[in-house]
Amino acid sequence: MTESTASAKTTAARACWDCGAPATGEHFCPSCSKIQPQPPHQDYFAFFALPRKLALDRQQLEQKFHQLSWKLHPDNFSTATPYERDLSLEKAAVLNDAYRTLRDPVARVEYLLGLEGIRREGEIKQQAPPELLEEVFELNEHLEELRAAKRAGTDRRELDDLRHRLEAARREFEGKLEAVDAELSACFAEWDALLDSNPDGAARKQTMEKMSEVLNRHSYLRNLVRNVTEELEA
Amino acid sequence: MGRIVGIDLGTTYSLVAYVGKATGRPQCIPDEEGRTLLPSVVSLDADGTLVVGWPARERLLIQPERTVYSVKRLMGKGLADVEDELKLFHWRLAPGSNSVIRIALGEKILTPPEISALILRELKQRAEKFFGEEIAQAVITVPAYFNDAQRQATKDAGRIAGLEVLRLVNEPTAASLAYGLDQHREGLVAVYDLGGGTFDISVLKLQQGLFEVQATNGDTHLGGDDIDNLMLEKLEAEVRERFRSEITEPEQVQELRQRLIAAKHELSSAEQTTIRLGVERKGSYERVLKRAELESWIAPIVERTIGPCKLVLKDAGVKPEEIGEVVLVGGSTRLPLVRRRVEEFFGRTPHTELNPDEVVALGAAVQADILATGVRDMLLLDVTPLSLGIETIGGAVAKIIPRNSTIPASATELFTTSVDNQTGVDVHVVQGERELVKDCRSLAQFRLKIPPQPAGLPRVEVKFLIDANGILSVTASDLRTGEQQSVEVKPSYGLTDEEVERMILESIEYAEADFQQVQLIAARTEAENLLRATEKALVEEQAKQLAPEERKRIERVVAAVKEAVPTGDYKLIRERLEELNQATYHLAEMLMDTAVQAALKGKRADEVKL
């Protein structure tokens, strides 16, 4: 780990630092093509010049990511001035952060809800959805039995039996996860349509709160499936 | 920008390579005896002379306690990390080794970055002799699974050696560059890199010149060394049994070690071999080792590579059958067992046509060329191998940059206070996948300074940035005032900046002498070539037309050059060579249309390549 005391200037630029042409917010100055500073707190959608819509085409996003990588990667600036090298490092980092977030639908919607002030990033309610309480309870019991059996060195037949039961439960929860995935996709479509119709604040908020609720269920189920998978593979 | 070389700083061997300007192809630079490999071994003679490479490796047998090998395993490590394997080395540990290992060789104390710097310096000199010019910049490769401290230690080694490290490139990624360059391949490639001390597995997507690492995994403590150590253990036990006597002399341990390494190499092609060792006062030990027996010993070590292979596929989100090609890198992939196991796991025959010892250095040279010339038809997008996290309440870790994130990558965290007038917040940065700080690698700690205010009011934003080398830096800014704050980072492992500076100073004297040596060799070679060409020209037919005083002048300057060569003063030699160039200018013109002229010119052009 290195110390660093100053990074590239992060104040919003009104003009190109090199030729003085008015800043457009693009990554490169349209008149002299020099790399521009990253505007402070520019969001990931804006970085890719995308509207805040959720139904993103993964391939198109990848293509944009590749195009920008060719232009912004520090390798392109190895012979440039130190200032431009700093700018490229900062931009390339944001590019990668943005792509990492937007390519994953769950991370994408979580990020959007954070941007819109509906929830804080990483804030997930680890609560079992009420309609699943009973099944979750049963699954956790099976999990605990398997762990106990492993610790006690139970014979193979019984272990296999426990495993089969867990696997069946996992399949069931995977099915539920798929259903929630579909719900989430429906929310995406709803949100995107809403954006086009220029909604009032209340309508936006309502849709987002619904998404937030679906997201909670989604992340709960996803964790559950992951835990079971890990236990089965361990 | 000057010439930039690519260096593979390996556990067992190191190499230096460059991309030929005319050919556009990467090539390893050989030493004077034509060898491209340099053993990564450093030895300190009793008279205080430091010896590096092949002669140092020979000294393992005569002065093992003053000789260091496999120092890469100690880079970026503290005492607690390596306690188990210190018994494999014969040198003494100096005090103060908790956060940086300090190796006592005779009266000298050297840290792993300094030992590595000696190896780098040797390669630097090799390249300087080869090109006849100073080399100041390099791309150096590191195992993909190296953490921040190990990377920083490698960068420090470069600085101490007088090299600006323009980029650290992950070894499997470098290998894919060398590999992809040739084949213009597309699709998913797995690079399985089992070297002397480290194991890496990377999955890359190749697409129109873009080399995008999808995921990487590995073990920075798994390689040929472990196989050697295991063989050593087995054979030592056999000797003990047969002679009722331990092999205790370090010299003899090293002799056995070299014999069994030779046997291991032989068993890659032969079905069996014989290991012989004279045991002092006891007679001679001799045993036949069959390949199958060796394989039964080392199978568990080879098996340890499979876990990371499974994880890398999972992280990349691909199934083994989706991998288009598998590339083998590192000397240990010559073991037939390794090849079979890789083939079995991926369900396809791995590529072995590239020399597994050289391919990483060649790839480093390709990356160096990209940085030097601005070639824009290849781009490498690498990832960080380990998640970056910060300590939260109760010793838990909050991950802020997940593993396999494309680098550069960044994360910002907002910090505030929990009690009124609190003047600082302690931040502890770790790397690793586990949930608790104690199970992760501590990278650094620092204290954010905060002006006294009511609790919860201050808002300090800390930005963590992993650069294209995989090395972390931290900046902080007070969101209320907009002011940048300097962050005094205390690394948990490794050298402080002051220590590195001191080591650079210590090595400058040494470096100055080296530089003069290189200049001298270059000047002498040039003198030889020019003298030979001049003498040849003087006996040509056209030379008879030279005015007597002109011929005399040439002969006088030739004598002056000959006089200067043995003085060892490279500046003087250069001066007189310049005079000779001027004196022979007319002669060269006279020969313009002849074949002899071509020879004279040809000689001069050749000097570039020494």
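Mentor: Quick definition before we start: domain bounds come from an automatic or database domain assignment. This is a predicted model, where local features need pLDDT of at least 70, side-chain atom pairs count only at pLDDT 80 or more, and totals for chains, interfaces and linings use all residues. Residues are numbered from 1 along each chain as its sequence is written, while chains are lettered from A and ligands numbered from 1 in the order in which they are written.

Trainee: OK. Into which domains is chain A divided?

Mentor: Domain 1 covers 10-103 and domain 2 covers 130-233. Their centres, taken over C-alpha atoms, are 36 Å apart.

Trainee: How many residues does each domain of chain A give to the contact?

Mentor: Domain 1 of chain A gives 5 residues and domain 2 of chain A gives 5. Contact means C-beta atoms, placed from the backbone, within 7 Å.

Trainee: Now helix α2 of chain A. How many residues does it have?

Mentor: α2(A) has 15 residues, 58-72. Helices are DSSP runs of H or I with at least four residues, strands are runs of E with at least two, and both are numbered from the N terminus. From first C-alpha to last, α2(A) reaches 20 Å, close to the expected 21 Å. That expected span is 1.5 Å times one less than the number of residues.

Trainee: Which residues of α2(A) are buried?

Mentor: Phe65(A), Leu68(A), Ser69(A) and Leu72(A). They fall within an arc of 110° seen down the helix axis, so they line one face of α2(A). The arc is that of the directions from the axis to the C-beta atoms. Buried means 20 or more other C-beta atoms within 10 Å of the residue's own, exposed means 12 or fewer, and partly exposed is in between, with C-beta atoms placed from the backbone.

Trainee: And which residues on the other side are exposed?

Mentor: Gln59(A), Gln60(A), Gln63(A) and Gln67(A).

Trainee: What covers the buried residues of α2(A)?

Mentor: The cover includes α3 (82-102) of chain A and β19 (379-381) of chain B.

Trainee: So, chain B. How many of its residues are in contact with chain A?

Mentor: 32 residues of chain B, against 22 of chain A. β26(B) supplies the largest share of the chain B side, 3 residues. By class, that side has 20 nonpolar, 9 polar and 3 charged residues. Ala, Val, Leu, Ile, Met, Phe, Trp, Tyr, Cys and Pro count as nonpolar, Asp, Glu, Lys and Arg as charged, and the others, Gly among them, as polar.

Definitions and conventions. Contact = placed C-beta atoms within 7 Å.
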